[in-house]
Amino acid sequence: SLVEEKNSNKIHKYQKIIQELKEKSLLLPTRKLADILPENISDYNKELQSIPLLVYLIRNKYITKDYTDYISYFYPSDLTINDKNFILNVKDRLNPEFLYKLDKPEEVYSRLALEYSNNSILNIEFINYLFKEKKTKYLNQVIKNIFPRNAIVLSDRNKDFIRVYLDKGIYKLKFIELLAKNWYHYWSFLMDNLNSQIPISFKVIFENLDLNDLENLYDNDESFQKYFIDNNDNFLQNSNIDFDTDVVLSFIKKKQILIKNLGDSELREYNDLILAIIEKNLFQINSNNLKFILKKINEFNSEDFENSNFTLIRNSEMESLTDYIERNLSTYVSNVLLNCESLDQEDEDSILELLVDNELNDSIKQRIISKINLPIEDISRIENESILESLFIKNKVDSRWSNILIYYKVFD
């Protein structure tokens, strides 16, 4: 109802506001004190108002929450001097080297837990530690803030870190999964900058992303769409990819993708995903796919395929295939039948089915007539005068009285 729709819209609106406030609250601890103080000094508490010098120092960023880090003498304990220098470099956004050696990453983490939006934190050992200790929430915050979901252009530092981590990092596969789930343009980055990582990334994506993640990646990255459509013939029989059949099948179906090549018909390897794609008719109608399917049901004969293709399919025991072809007859005739060597061994009933079908235009039917040599014995089902005329002119009609009578009835 209209009331329910309005209520639903309001709920959605407030949920969005709540989410935005949550995101702002997460970022708040990372901001400088001067950035969150009110503009008007009268809005400060009375104690702070009474010390104008302190207000001045804070607002001009001479004093921050980590002020003591810079004025105190450091005594190594749980935190080493090396790690302390790293922390200070991160807080000052001085971009320490990706391979900077950390002595105690757990101590570094405890002191940088609010620095997830700062790309100075990108360090191989630090990210290794986060994966090892399953700091999933923190890792997600790092990726979401440093590699924003819709960001197409990245800073050079961020791009360089991806390259270095995929080369030197211990948890390379988990890193790929995290990027693919959270950053919509990860695939575009690979295509433009890191082709060598495409095969392993493709494997990780189809082994680990759920349906929603796959859809997000596909819907938001044209390069991933193009790659999948152009290369979907390569992945079905890839024994290195452990597919979740239900997820991939649902993805292909929802995105209305038709597999252009089910695989090498000579290999005849039929995993569960291929069988499901065949059963659900999620493949393009072409010669290679039909050979692949007919071999699967042991009904393939190369001579029959080239000379009586339509009859072979109509007589097939695979009902889902025959129904699929009949629903898409024009595509089948254009892509497969007219590319066969001949139609000489098609039975007459199959030829007549084609010539009387309303989906096929006259131009296609004329091409079919040109490819048959045996005369049609009974033309009584054909009502299209131009098709009848063409059959008679090209001597494709058997000279029996019933056909002659039809000719005079139609053309006299």
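1. Rings of Phe, Tyr and Trp (its six-membered ring) pair if their centres lie within 6.5 Å; planes under 30 degrees apart count as stacked, over 60 as edge-to-face and the rest as tilted.

2. Before going further, please keep in mind that this is a predicted model, in which local features need pLDDT of at least 70, side-chain atom pairs count only at pLDDT 80 or more, and totals for chains, interfaces and linings use all residues. Residues are numbered from 1 along each chain as its sequence is written, and side-chain values use heavy atoms, with hydrogens and water left out.

3. Now the overall picture. The chain has 26 helices and zero strands; helices (H or I, at least four residues) and strands (E, at least two) are DSSP runs, numbered from the N terminus. Of the 412 residues in the chain, 42% are buried (buried means under 20% relative accessible area, exposed over 50%, partly exposed in between, with a 1.4 Å probe and protein chains only). Contact means heavy atoms within 4.5 Å. Among contacts between residues at least 6 apart in sequence, 64% join residues at least 24 apart.

4. Back to the rings: the structure holds 29 aromatic pairs. In one of them, the ring centres of Trp-187 and Tyr-227 are 5.0 Å apart and the planes stand at 55°, so the pair is tilted. This pair links distant parts of the chain, with Trp-187 in helix 12 and Tyr-227 in helix 15 (residues 222–235), 40 residues apart. Trp-187 and Tyr-227 are both buried.

5. How are the rings of Phe-206 and Phe-251 arranged? Their centres are 6.2 Å apart and their planes are at 65°, so the pair is edge-to-face. Here too the pair links distant parts of the chain: Phe-206 belongs to helix 13 and Phe-251 to helix 16 (residues 245–254), 45 residues apart. Both Phe-206 and Phe-251 are buried.

6. Helix 11 (residues 172–182) has Phe-175, Ile-176, Glu-177, Leu-178, Leu-179, Ala-180 and Asn-182 buried. The elements that cover these buried residues include helix 12 (186–193), helix 13 (198–208) and helix 14 (211–220).

7. Two single residues are worth a look. Asn-208 sits in helix 13 and, at 35% relative accessibility, counts as partly exposed. Leaving aside residues up to four places away in sequence, Asn-208 touches Glu-177 and Lys-181. Ile-277 lies in helix 17 (residues 272–279) and counts as buried at 0% relative accessibility.

8. Finally, a helix pair: the axes of helix 23 (residues 348–356) and helix 24 (residues 362–371) come within 9 Å and cross at roughly 155°. Axes are lines fitted to C-alpha atoms, for helices over the stretch in contact, and angles run from 0 to 180 degrees between N-to-C directions. Helix 23 and helix 24 are therefore roughly antiparallel to each other (under 35 degrees counts as roughly parallel, over 145 as roughly antiparallel, 65 to 115 as roughly perpendicular and the rest as oblique). Leu-354, Leu-355 and Val-356 of helix 23 meet Lys-365, Ile-368 and Ile-369 of helix 24.
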